[in-house]
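Subject: A structure for you to look at

Hello,

I am passing on the structure we talked about, and my notes follow below it. Please have a look at the model first and then read on.

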Amino acid sequence: MLMRRVAASLVPPWLETLLSTHFFAACPVHPDAPRSERNMFCLDCGDSASSFCLYCRTDLHSGHNVIQIRRSSYHDVVRVAEIRNVLDIRGVQTYVINSAQVLFLNERPQPRGGGRGGVGGASSSSSSTPYICEICARALLDPFRFCSLGCKLAGIKRNGDATFVLTPDDDEEAEGRREESSSNAEAAGESKPSRRGRRGSGSREETGHEDRSPASLPPPPAFSRRRKGIPRRAPFAS
């Protein structure tokens, strides 16, 4: 009972609902709309939340803290950039998929020969790495403790030596990341007009073509046709 209370203080109320939610089914409210798969989850709706589609987000969750779930090899993942500001993800193995860092939501089926038998039970799957998940014994690429958010949750419930709740220092760091991201976006928007301003002076774009305004282009060369002479018949051979 004590461990349950400890786990509740270390885990946000919406996390277990997120990990048990089924995603990517067709939305019953918008069945004929394109891209209507249910791949969204609202963090503000707590343990009563469920998956919904892009159109439901606009209708029912406008202004809410919503994350998008993605798929990798038929398993649900979430981007680190979306979850790290609301969840302490330390200790969970990250992967790069489509140039973005992601986390798996739940434990995945083990390769043949792996399993829950601890280090010995997963010897064939972890022979190339010394790092394994503390819960499911999956081989890890880096020195992390868990392979997924679900395994970290199981570790918290079992040992109580980790947390998903961000500390005040973590909140300040997350706010700094948001401000930096916003500043970078504004700087990128401001740099575009200056680039266009430089183009008029004859600088070259990445394509290598020189861009000139019509006023700066030289006039086309005058076209003159040389007049043909009077045709003469060749003399007959004698």
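Let me start with a term: a residue is called buried when its relative accessible area is under 20%, exposed when it is over 50%, and partly exposed in between, using a 1.4 Å probe and protein chains only. By that rule threonine 129 is buried, because its relative accessibility is 15%.

Some background on the model. It is a predicted one, in which local features need pLDDT of at least 70 and side-chain atom pairs count only at pLDDT 80 or more, while totals for chains, interfaces and linings use all residues. Residues are numbered from 1 along each chain as its sequence is written, and side-chain values use heavy atoms, with hydrogens and water left out.

Back to threonine 129, then. This residue sits in the loop between helix H5 (118-121) and H6; helices (H or I, at least four residues) and strands (E, at least two) are DSSP runs, numbered from the N terminus. Not counting residues up to four places away in sequence, threonine 129 touches Ala139 and Leu140, where contact means heavy atoms within 4.5 Å. What lies 2.8 Å from a polar atom of the threonine 129 side chain? The backbone oxygen of leucine 140 does. The backbone nitrogen of tyrosine 131 is 3.2 Å from a polar atom of that side chain. For such polar contacts, the pair must be N or O atoms within 3.5 Å; within protein, one must be able to donate a hydrogen and the other to accept it, and residues adjacent in sequence count only if both atoms are side-chain atoms.

The loop between H5 and H6 also holds alanine 137. Its phi is near 65°, a positive value in a residue other than glycine. Alanine 137 counts as buried because its relative accessible area is 4%.

Now the cores. A nonpolar core is a set of buried Ala, Val, Leu, Ile, Met, Phe, Trp, Tyr and Cys residues joined through side-chain atoms within 4.5 Å. The largest one has 25 residues, and Leu18 and Leu149 have the most contacts inside it. Two or more residues come from each of helix H2 (15-20), strand E2 (66-72), helix H4 (80-83) and helix H6 (149-159). Another core, of 11 residues, lies apart from it and includes Val77, Ile135, Phe146 and Cys151. Beyond its neighbours within four places in sequence, leucine 18 is in contact with Phe23, Phe41, Ile67, Ile69 and Leu105. In H6, the buried residues include Leu149, Gly150, Cys151 and Lys152. Just after H6, glycine 160 has a positive phi of about 70°.

Next comes the sheet. How many strands form it? There are 5, in an open sheet with the order E1-E2-E3-E5-E4 and antiparallel pairing; two strands pair if DSSP finds at least two bridges between them. Strand E1 (40-42) and strand E4 (95-97) are the edges, each pairing on one side only.

Going through some of the pairs:

- E1 and E2 are antiparallel over 3 bridges, and cysteine 42 has valine 66 in E2 as its bridge partner.
- E2 and E3 run antiparallel and are joined by 4 bridges, with serine 72 opposite histidine 75 in E3.
- E4 is joined to strand E5 (residues 100-104) by 3 bridges, again antiparallel, and isoleucine 97 has alanine 100 in E5 as its bridge partner.

The hairpin of E2 and E3 has 2 residues between the strands, and serine 73 there takes a positive phi near 50°. Tyrosine 74, in the loop between E2 and strand E3 (75-79), has a positive phi of about 70° although it is not a glycine. Tyrosine 74 counts as exposed because its relative accessibility is 75%.

Finally, the structure holds 2 aromatic pairs. Rings of Phe, Tyr and Trp (its six-membered ring) pair if their centres lie within 6.5 Å; planes under 30 degrees apart count as stacked, over 60 as edge-to-face and the rest as tilted. The ring centres of phenylalanine 23 and phenylalanine 41 are 6.4 Å apart and their planes are at 70°, so this pair is edge-to-face. The pair links distant parts of the chain, 18 residues apart: phenylalanine 23 is in the loop between H2 and E1, and phenylalanine 41 is in strand E1. Both phenylalanine 23 and phenylalanine 41 are buried. Tyrosine 95 and phenylalanine 104 also form an edge-to-face pair, 5.3 Å centre to centre with 80° between the planes, and both of these residues, tyrosine 95 and phenylalanine 104, are buried.

Best wishes
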